[in-house]
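Here is a structure to explore together. Have a look at it, and then let's talk through how its parts pack.

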Amino acid sequence: MTPSVHAARPALSLLFLRYVAGQITEARWAEFGALLDDTDATTGERDALARFVLDATDEPLPTPAEVADLLAAMRMQATA
């Protein structure tokens, strides 16, 4: 996929397309869904997390606690 196409589509849509195409396993998709369910991420933060998963398909996903810590740090920076 070219960078211009990748940047034009929301990451969640791209991630879902890769799942439907069989490029992401059922287990990985379920793990990602559970991670989204376990966090209080905003729409933009969810899209950023999906983009991370797209870029690091073979890497282990962060735990909900790690995502919560990261979101808290980003939110503190945004208000500083």
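Some questions and answers about the packing follow.

This is a predicted model, in which local features need pLDDT of at least 70, side-chain atom pairs count only at pLDDT 80 or more, and totals for chains, interfaces and linings use all residues. Residues are numbered from 1 along each chain as its sequence is written, and side-chain values use heavy atoms, with hydrogens and water left out.

Q: Which residues touch the most other members of the largest nonpolar core?
A: A nonpolar core is a set of buried Ala, Val, Leu, Ile, Met, Phe, Trp, Tyr and Cys residues joined through side-chain atoms within 4.5 Å, where buried means under 20% relative accessible area with a 1.4 Å probe, protein chains only. The largest one here has 15 residues, and the members touching the most others are Leu-15 and Phe-32.

Q: How are α3 and α4 oriented to each other?
A: Helices are DSSP runs (H or I, at least four residues), numbered from the N terminus. Axes are lines fitted to C-alpha atoms over the stretch in contact (heavy atoms within 4.5 Å), and angles run from 0 to 180 degrees between N-to-C directions. α3 and α4 pack at about 155°, with axes 11 Å apart. Angles over 145 degrees count as roughly antiparallel, so α3 and α4 are roughly antiparallel.

Q: Is Glu-45 buried or exposed?
A: Glu-45 is found in helix α4 and is in contact with Asp-40, Leu-71, Met-74 and Arg-75, leaving aside neighbours within four places in sequence. Because its relative accessibility is 15%, Glu-45 counts as buried.

Notes: Buried < 20%, exposed > 50% of the residue type's maximum accessible area, 1.4 Å probe, protein only. Helix = DSSP H or I, 4+ residues; strand = E, 2+ residues; numbered from the N terminus. Parallel < 35°, antiparallel > 145°, perpendicular 65-115°, else oblique.
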